[in-house]
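Have the viewer open as you read.

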Amino acid sequence: MVRQTDLQPVAGGGLLDRRLFLKRGLSFSVAVALAPETLASASDNERLAWMQKPGEPFSNYGQPSPHERKTIRWTMGNSMAPGNGVSWAPLQDLEGIITPSGLHFERHHNGVPQIDPDKHQLLIHGLVNKALVFDMATLQRYPMQSCYAFVECGGNSNAGWHEEPIQTAVGYFHGMASCSEWTGVPLRVVLSEAKIKGRAKWLIAEGADAAVMNISIPMEKALDDCLLAIYQNGERIRPENGYPLRLIVPGWEGVLNVKWLRRLHITNRPAMARNETAKYTELMPSGKSRQFTFVMDAKSLITSPSFGHKLDNKGLYQVSGLAWSGRGRISKVEISADGGQTWAEAQLQEPVLPKCFTRFRIPWQWNGKKTILKSRAIDETGYVQPERDALIMRRGRYGYFHYNAIVSWEISPEGNVSHVFA
Ligand SMILES: Nc1nc2c(c(=O)[nH]1)N[C@H]1C(S)=C(S)[C@@H](COP(=O)(O)O)O[C@H]1N2
Ligand SMILES: [Mo]
């Protein structure tokens with residue numbers, strides 16, 4: 001039962017106890033009261049046209065409702081090189097922790113190769129005792145495992161480095177991150193088969209795309225939790241996400257998750273490839289550059305309400321959002337509804353998995369006045385998501401990658417949501 005004390009704010013701006021929505025007897029009081037004549041009226045028969053005739057037959061592959069056509073990836077191509085660019089996941093329209101495969105963000109350097117899986121091979125060579133070639137059929141005979149992991153581009157949220165906040169949907173700002181169940185063969189299994197030599201320190205992974213993208217991964221990580229993924233959310237990986245084989249490097253920069261994986265070169269030094277020298281490195285205030293910034297720091301953002309949403313009137317709302325950390329599990333997400341003066345702990349949706357999206361929710365009684373909503377993630381290592389000023393103090397103004405500052409949404413008295421630096 002909900003008691004009056006449950007509706008007492010636990011922090012400023014009307015944040016309520018995170019367990020309120022789990023209580024029985026909660027009256028949300030937002031649904032329209034039903035007039036008794038509505039059920040049988042003529043206008044209702046018209047409204048329910050789909051009940052007047054049999055529905056559509058079966059389909060070979062299901063598609064979203066035509067009424068959900070606005071829930072799409074936002075693409076940003078490049079007319080000179082159409083295969084180099086990004087599409088963003090519409091995080092503002094999604095719930096739970098899994099990104100539908102067709103909405104998983106995309107980042108390609110030279111387009112999506114159309115690979116015939118029967119012709120695809122994975123080569124392991126270099127500092128090994130036994131160089132090996134796998135075709136897809138052979139790989140599929142190995143014991144598989146699943147991991148739930150986010151992939152986030154190191155360049156995600158980079159608009160946060162701008163002087164002014166951008167007014168755009170969450171997905172268009174932070175949607176170079178997505179989360180799937182990935183299934184395949186643990187990388188360490190095939191590495192042990194190839195018998196890595198003692199002096200091997202790095203693994204250089206290469207894709208079968210026209211960019212022939214390659215990147216260096218320390219052997220310690222390769223032997224830890226990396227996965228040769230063949231399936232994404234239960235089905236074969238989508239072409240744009242690496243079909244038929246991709247590397248999953250949980251918690252680390254997106255660029256390490258090589259798609260269309262064709263080669264693992266075992267070496268004792270990094271390749272110094274383009275994406276670990278010219279790109280995905282940052283000039284620091286000291287004048288030196290950061291390189292090999294593998295781990296994605298803890299981050300969170302409120303996806304509802306967020307830019308583009310409209311609050312109809314004051315009253316009870318559910319604040320919902322995503323948090324994740326490349327270091328492990330999210331231990332806590334705190335929400336502020338008064339611009340960061342006071343904070344309340346949000347409910348974390350189970351299961352809370354390491355290096356995976358975590359959904360948080362908290363009830364909020366909006367008083368109809370202007371206010372600022374924020375979320376702050378804390379991970380199991382004790383790392384606390386920083387305010388923007390603190391991040392800039394540490395990293396300077398020449399950053400482009402690894403922006404993970406607290407996101408602030410200003411709610412106007414009219415219920416409009418805008419992005420502010422506050
Ligand atoms: N072969 C290959 N792998 C690649 C890329 C690429 O262009 N080619 N892009 C990388 C980058 S920069 C990112 S952020 C992730 C994006 O993965 P996704 O497109 O499945 O979201 O893939 C990485 N793997
Ligand atoms: Mo990336």
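The report below covers the model, its pockets and its domain interface.

## About the model

This is a predicted model, in which local features need pLDDT of at least 70, side-chain atom pairs count only at pLDDT 80 or more, and totals for chains, interfaces and linings use all residues. Residues are numbered from 1 along each chain as its sequence is written, and side-chain values use heavy atoms, with hydrogens and water left out.

## The largest pocket

A pocket here is an open set of points on a 1 Å grid over the protein atoms alone, where a 1.4 Å probe fits, with protein on both sides within 12 Å along at least five of seven lines; lining residues have an atom within 4 Å of a point. The largest pocket has a volume of about 480 Å³, that is, the space filled by probe spheres set on the points, which are joined across faces, edges and corners. Its lining has 23 residues, with Met76, Val86, Asn158, Met176 and Tyr400 nearest the centre.

## The domain interface

An automatic or database assignment divides the protein into domain 1 (121-290) and domain 2 (299-420). Their centres, taken over C-alpha atoms, are 28 Å apart. The contact (heavy atoms within 4.5 Å) takes 37 residues from domain 1 and 32 residues from domain 2.

Four salt bridges are found across this interface of domain 1 and domain 2, each a side-chain nitrogen of Lys or Arg within 4 Å of a carboxyl oxygen of Asp or Glu. Lys355 and Asp225 form a salt bridge through their side chains, at 2.9 Å from N to O.

How values were computed:
Chains are lettered from A and ligands numbered from 1 in the order in which they are written.
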